[in-house]
Amino acid sequence: MLFLSAIFWDKSVILFQKRLFKSVIVGDISTVVRLQKIILQSNSSRLYAIRLVTQVCSNKRISGVDGKTSLTFLERFEVNENLKANFANWVPQRLKNLTVFKIDGDPSFLQVFTVSDRVWQVLISFSLQPVYEATFHPRSFGFRSSHSLYLVQRLLLCSLGFSAFGFQKRVVRLDLSSALCFYNRNYLLEKLFLPRSIKLILNRFFYNGLVLNFYSPEKFSYGLINLLSNVMLHGIEDIHDSVRFGSEVLFLLRPRDNEKVIYSLVRSFLEERFFPFRGISFQIFLASVGFDFLGWHFFVSSKGNSLVIPSLSDYQSFLLRVKRIINNSNYGSNIKVSKLYPIIKQWRAYHRFSCLKGSRFSLYFVKKRAFKVFSKESRQDFFSTKRLVNRCFYFLDSFSSSNSGLEEFPSPYSGHLIFASSSGFFNSFILGCIHCGMKLLT
């Protein structure tokens, strides 16, 4: 019964988000304001937000300043009643700053909110995300539920292909992660399409030390922070032909384009939204030489074809993790296989559309080393060692979208969005998609 009610919450929220998305595209502002109020005051939205934070999100074990890592059945309804009574006058609690380490070993700083503050942020993102999904640039792919990571790879391969004269292009790479720490609070609040009471509460979060950043949506339920960061960087794609993923921007330059003009436009763009203006990393690459982006290495071959392979830094960090497990004498072969399997599966799944030809990316020598280490155990013979190695090293053809290990979240904005308009000439209704323009005459 609880599972069926959770499905009902999900469907009702998605239906309102679709209707809000359509209203923003057609420019019906009065309907947008009305639908935002319905989502913010809906009981289904509150219960669904509580379920996402307390049950679905993987960082629910990380506690805030209140020390709570989970909520009981009755405490969830208490949070629901608290949100219903004090939603427009919410007072956030202090933030908890933590230092976490990425896969490659680099430290990163994480701001942890309390459970109730996280629920309030998710509820706000329900009403704010459809508005900006309809207005964001189509080449802004980072941390959006309606865009896949591999769309970036496909777009770059098409932009650097033979028909697009990719061998003549240059690529300018910008990293704006350092600029997000010095955002203009007043500019952000003016750009947000929210009621005044909600903006005042967001100002309280900023006063507590909220810093904009991009977090992985699979690990952190901080969709509102990702959305606010995208709002601050929205518009940089209009400067030139570009691709943006989070805080990383790629400008694709033709032979006659001047990179100094682009740098001046980017500087004026950042001075309006961030202060004080600090120097940003401005790197220029030839497409024929290649460049790294999102763990991939894009380059144009001598024949003019665009190719993508795993980047050197990503490949070296992957090999380091694998070799440390294989050469660790504290574990047996069965435990090593259980640790190697998810790492290799994740790496293969991430690069499943890359060019993995050759012995380097086929992991032949790593597989040979694993076989040599596993066979030294007295319990293993040739056939058992072969079975263990095949469990964690396998062909790429065995992958599919269902077992790739990468979670794909369904988007409420995917597929055709049909709207109806009356036609006096035919005395009928015209049904059409607001994305592709497909029309159905009934």
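Student: Among contacts between residues at least 6 apart in sequence, what share joins residues at least 24 apart?

Tutor: This is a predicted model. Take its contacts between residues at least 6 apart in sequence. The share that joins residues at least 24 apart is 65%.

Student: How many helices and strands does the protein have?

Tutor: The protein has 442 residues, and 45% of them count as buried. Its secondary structure comes to 14 helices and twelve strands.

Student: What is the order of the strands in the open sheet of four?

Tutor: Start with strand 3, residues 170-175, which is joined to strand 5, residues 248-253, by six bridges. Strand 3 also pairs with strand 6, residues 281-286, again over six bridges. Both pairings are antiparallel. Strand 4 (242-245) and strand 6 are the edge strands, each pairing on one side only. The order is therefore 4-5-3-6.

Student: How much does this sheet twist from one strand to the next?

Tutor: The sheet is open, and its pairing is antiparallel. From one strand to the next, the twist averages 20 degrees.

Student: Which residues stand opposite Asp175 in strand 5 and strand 6?

Tutor: Strand 3 pairs with strand 5 and with strand 6. Asp175 itself stands opposite Glu248 in strand 5. In strand 6, the residue opposite Asp175 is Ser281.

Student: Which helix touches strand 3, strand 5 and strand 6?

Tutor: Helix 6, residues 150-159, lies across strand 4 and strand 5, running at about 160 degrees to strand 4. Another helix packs on the sheet, and its direction makes about 145 degrees with that of strand 5. That helix, touching strand 3, strand 5 and strand 6, is helix 10, residues 259-273.

Student: Which residues touch the most other members of the largest nonpolar core?

Tutor: This core holds 68 residues. Helix 5, residues 115-133, gives the most to the core, with ten residues. The residues that touch the most other members are Trp120, Leu192 and Phe251.

Student: What does Trp120 touch, not counting residues up to four places away in sequence?

Tutor: Trp120 belongs to the largest nonpolar core. Leave out residues up to four places away in sequence. Trp120 then touches Leu83, Phe87, Trp90, Ile198, Ile201, Leu202 and Phe205.

Student: How many residues are in the other core, which lies apart from it?

Tutor: Phe318, Val322, Ile326 and Ala370 are among its members. This core, apart from the largest one, has 23 residues.

Student: Are helix 11 and helix 13 roughly parallel or roughly antiparallel?

Tutor: Helix 11 is residues 312-326 and helix 13 is residues 364-374. Leu319, Val322 and Ile326 in helix 11 meet Val366, Arg369, Ala370 and Val373 in helix 13. By class, that contact has six nonpolar, no polar and one charged residues. The axes come within 10 Å and cross at roughly 10 degrees, so the helices are roughly parallel.

Student: Why do helix 12 and helix 14 count as roughly parallel?

Tutor: Helix 12 (residues 333-350) and helix 14 (residues 382-392) have axes 8 Å apart. Angles under 35 degrees count as roughly parallel. The two helices are therefore roughly parallel, because they pack at an angle of about 25 degrees.

Student: How do the residues of the contact of helix 12 with helix 14 divide by class?

Tutor: Helix 12 brings residues including Val337, Leu340 and Tyr341. Helix 14 meets them with Leu388, Arg391 and Cys392. The contact divides into six nonpolar, two polar and one charged.

Conventions:
Residues are numbered from 1 along each chain as its sequence is written. This is a predicted model: local features need pLDDT of at least 70, side-chain atom pairs count only at pLDDT 80 or more; totals for chains, interfaces and linings use all residues. Side-chain values use heavy atoms; hydrogens and water are left out. Two strands pair if DSSP finds at least two bridges between them. Axes are lines fitted to C-alpha atoms, for helices over the stretch in contact, and angles run from 0 to 180 degrees between N-to-C directions. Contact means heavy atoms within 4.5 Å. A nonpolar core is a set of buried Ala, Val, Leu, Ile, Met, Phe, Trp, Tyr and Cys residues joined through side-chain atoms within 4.5 Å. Buried means under 20% relative accessible area, exposed over 50%, partly exposed in between (1.4 Å probe, protein chains only). Angles under 35 degrees count as roughly parallel, over 145 as roughly antiparallel, 65 to 115 as roughly perpendicular and the rest as oblique. Ala, Val, Leu, Ile, Met, Phe, Trp, Tyr, Cys and Pro count as nonpolar, Asp, Glu, Lys and Arg as charged, and the others, Gly among them, as polar.
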